[in-house]
Every structure is written in structure tokens, then in C-alpha cells.
Amino acid sequence: MDFLERPHFVLALRPVDTSVRAARDIVRAALEGWDRPDTTGDVELITSELVTNAIRHASAVTLVLYLPDDKTAMVEVWDDNPEGPAEPPHDMQAESGRGLFLVGALARAWGWRATDEGKVTWAQAITP
């Protein structure tokens with residue numbers, strides 16, 4: 001089954017800080033509307049971290065959310081920066097830099113791939 005036959009949405013985001021909250025809110029509302037509430041908040045947090053990285057390093061950002069099956073949500077963030085995400089060294093005193101660590105801890109799987117226009121960073125999460 002093609003993912004377009006399953007619940008999904010695509011949202012263009014401006015590369016500004018307020019886009020992070022908007023993305024989180026929209027993901028929460030979409031999952032609730034699809035009767036797949038994010039009871040743990042994991043999908044929202046994953047979305048927040050991936051969108052934050054994109055708006056810091058790119059000028060065009062698109063959020064894609066879809067349900068490939070009955071237990072999984074896929075979050076993809078497309079941007080126009082061809083450089084892949086990199087985890088900084090772990091510094092427990094740092095006030096930032098833990099985003100990809102959190103994504104890795106919360107997601108079933110995550111990664112990135114190059115596109116003709118930049119890259120897509122994705123994460124797969126379990127939903128109830």
C-alpha cells in the first residue's frame with residue numbers, strides 16, 4: 001500500500017523558531033484526528049528536535065507525517081541543506097546539542113538521506 005493511501009500530511013514551514021511549536025501542535029492534532037494520540041509525547045518531541053535542526057541549518061523546511069501501518073508514525077523533515085545531521089560530542093553541561101541523542105532514544109529507527117534539493121531526516125516511532 002502506498003503511504004498516500006494512508007493518513008498523511010505535508011506542511012511547509014518557515015525557518016523561524018515559532019515553526020517548532022506549530023509543527024508539534026499540528027502533529028499532535030493530526031495524530032488525535034487519526035485516532036492515534038501521541039500518549040507518550042514521543043512523536044511530538046521527535047518532530048520538535050528534527051524541525052529545530054532544520055530551521056537552524058536550512059532556508060526551506062517541509063514537515064511530512066504519515067502512518068505507514070497500524071503501529072507506526074513516520075516523521076520526515078525535508079530541507080535544502082545537503083549536509084547530513086551530526087551528533088555533537090556528549091556534554092552533560094551543555095544547554096543544547098542533545099536533539100539527535102533524544103531522537104535516537106525515542107525512535108524505533110532514524111536516519112537521513114540526500115535528495116536533489118538537500119536532504120530528508122526521518123524518524124520512525126511507535127504509536128498506540
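Strands E2 and E3 run antiparallel and are joined by six bridges. A hairpin of five residues links E2 to E3. This is a predicted model, in which local features need pLDDT of at least 70, side-chain atom pairs count only at pLDDT 80 or more, and totals for chains, interfaces and linings use all residues. Residues are numbered from 1 along each chain as its sequence is written, and side-chain values use heavy atoms, with hydrogens and water left out.

**The sheet**

- Five strands make an open sheet in the order E1-E2-E3-E5-E4, with antiparallel pairing.
- The edge strands are E1 (8-13) and E4 (109-114), each pairing on one side only.
- From one strand to the next, the twist averages 15 degrees.
- Strands (E, at least two residues) and helices (H or I, at least four) are DSSP runs, numbered from the N terminus.
- Two strands pair if DSSP finds at least two bridges between them.
- Strands of a sheet pair through backbone hydrogen bonds, either parallel or antiparallel.

**Strand E3 and its partners**

- E3 (residues 72-79) pairs with E5 (residues 119-126) in the antiparallel sense over eight bridges.
- Met74 has Gln124 of E5 as its bridge partner.
- Trp78 stands opposite Val120 in E5.
- Seven of the eight residues of E3 are buried, so E3 is largely enclosed by the rest of the structure.
- Buried means under 20% relative accessible area, exposed over 50%, and partly exposed in between (1.4 Å probe, protein chains only).

**Helix H2 across the sheet**

- H2 (residues 42-57) lies across E1, E2 (61-66), E3 and E5, and runs at about 10 degrees to E3.
- Axes are lines fitted to C-alpha atoms, for helices over the stretch in contact, and angles run from 0 to 180 degrees between N-to-C directions.
- Leu50 touches Val75, Val77, Leu100, Val103, Thr121, Trp122 and Ala123, not counting residues up to four places away in sequence.
- Contact means heavy atoms within 4.5 Å.

**The largest nonpolar core**

- This core has 26 residues, of which Val43, Leu50, Leu63 and Leu65 touch the most other members.
- At least two residues each come from E1, H1 (18-33), H2, E2, E3, H3 (99-106) and E5.
- H2 gives the largest share, six residues.
- A nonpolar core is a set of buried Ala, Val, Leu, Ile, Met, Phe, Trp, Tyr and Cys residues joined through side-chain atoms within 4.5 Å.
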